[in-house]
Amino acid sequence: MSHNLLKGKRGIIFGALNEMSIAWKVAERAVEEGAVITLSNTPVAVRMGDTLKLGEKLNAEILPADATNVEDLEMVFSKSMEILGGKIDFLLHSIGMSPNVRKKRPYDDLDYDLMMKTLDISAISFHKMLQVAKKMDAIAEGGSILTLSYIAAHRTFFGYNDMADAKALLESITRSFGYIYGREKGVRINAISQSPTLTTAGSGIKGMEDLMDFSERMSPLGNANADDCADYCIVMFSDLTRKVTMQTLYNDGGFSSMGMSLRAMKRYSNNEIEEFKNEKGEISYG
Ligand SMILES: NC(=O)c1ccc[n+]([C@@H]2O[C@H](COP(=O)([O-])OP(=O)(O)OC[C@H]3O[C@@H](n4cnc5c(N)ncnc54)[C@H](O)[C@@H]3O)[C@@H](O)[C@H]2O)c1
């Protein structure tokens, strides 16, 4: 259902590869809410993935670009302003990849050239995007910029490897650039820290299904899926959140505030876990 939250706004969405991509859902919701957008992904992803299909469906131009390449990013911003007819109101950086994870290099045997690529693709590309946008004065006053993170930026998760370092850097860039861009241009920059989600990037994580089961059991509201994330992004792009900036915002069903839940504990217990009953005989899950 549309609330016209982005009516008249112009946006750029980076990272929609296929229907499972979080960026795909965000692009669909943004257009539904009245925005006009351009889409960007690597030339290889545009050739091999379904980005073109999404472009047709949403009547959005595709601008192939490697987000680690400054000239490519300059092209994306100048063409987007030309196509959409003015400065950009919102932008989604939904990009992540670790060649070390792909090549199954464990964290204590990393290839450092590959680690530099992980950091460049998954975190520094965000800085490049922000710096290019600011130098070109491409973002409108009060504009909203989002990137997607994961709680492994703060806590250690088996198998997340050098992506954890990339997410820590990504969240730091969100704060550092958020200060400068906010102060000078009123532009807000936030990271949404999302539940594990079944996507192409997500399925690269070791033990993804078990991880999803664990966080589902730990989270009082259950895991947030890509549609939930898209809804949150729309609110963050809208004028309803105009004073929110430099934050890591958790869209994780409550996972980040939990230590242990009954549903998770039941998984590990050999004995029946005693459930508490109140005087009416109702079970309490305290
Ligand atoms: N899936 C999850 O469990 C999960 C959880 C939290 C955060 N995230 C984050 O969400 C973001 C989107 O990932 P997703 O899960 O939708 O997976 P996805 O595989 O659909 O998206 C990743 C995108 O990054 C793009 N990309 C890779 N290298 C690039 C480059 N050099 N330049 C431009 N684009 C490039 C890919 O083409 C792809 O479209 C990532 O930052 C990811 O870390 C995902």
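Two residues are in contact here if their C-beta atoms, placed from the backbone, lie within 7 Å. With that in hand, welcome to this predicted model. This briefing looks at helix α9, its partner helix α1, and a phenylalanine in a loop, Phe255.

**How α1 and α9 meet**
- Helix α1 covers residues 22-32 and helix α9 covers residues 226-237; their axes are 8 Å apart and form an angle of about 50°.
- That angle makes α1 oblique to α9.
- The crossing of the two helices, α1 and α9, is right-handed.
- From α1, the residues involved are Ile22, Lys25, Val26, Arg29 and Ala30, and they meet Ala226, Asp227, Cys229, Ala230, Asp231, Cys233, Ile234 and Phe237 of α9.
- Sorted by class, this contact of α1 with α9 has 9 nonpolar and 4 charged residues, and no polar ones.

**A closer look at α9**
- From first C-alpha to last, the 12 residues of α9 reach 16 Å, close to the 16 Å expected at 1.5 Å a residue.
- Helix α9 is mostly covered, with 9 of its 12 residues buried.
- Among the buried residues of α9 are Asp228, Tyr232 and Met236.
- The buried residues of α9 pack against α1 and also against the strands β1 (10-14), β4 (88-93), β5 (139-149), β6 (188-194) and β7 (248-251).

**Phe255 in its loop**
- You will find Phe255 in the loop between β7 and α10 (262-268).
- Phe255 counts as buried because it has 24 C-beta neighbours inside 10 Å.
- Beyond its neighbours within four places in sequence, Phe255 is in contact with Ser195, Ser215, Met218 and Ser219.
- Phe214 is 41 residues from Phe255 along the chain, and their C-alpha atoms are separated by 9.8 Å.

Key. Residues are numbered from 1 along each chain as its sequence is written. This is a predicted model: local features need pLDDT of at least 70, side-chain atom pairs count only at pLDDT 80 or more; totals for chains, interfaces and linings use all residues. Axes are lines fitted to C-alpha atoms, for helices over the stretch in contact, and angles run from 0 to 180 degrees between N-to-C directions. Helices (H or I, at least four residues) and strands (E, at least two) are DSSP runs, numbered from the N terminus. Angles under 35 degrees count as roughly parallel, over 145 as roughly antiparallel, 65 to 115 as roughly perpendicular and the rest as oblique. A crossing is left-handed if the near helix is turned anticlockwise from the far one by less than a right angle, and right-handed if clockwise. Ala, Val, Leu, Ile, Met, Phe, Trp, Tyr, Cys and Pro count as nonpolar, Asp, Glu, Lys and Arg as charged, and the others, Gly among them, as polar. The expected span of a helix is 1.5 Å times one less than its number of residues. A residue is buried if 20 or more other C-beta atoms lie within 10 Å of its own, exposed if 12 or fewer, and partly exposed in between; C-beta atoms are placed from the backbone.
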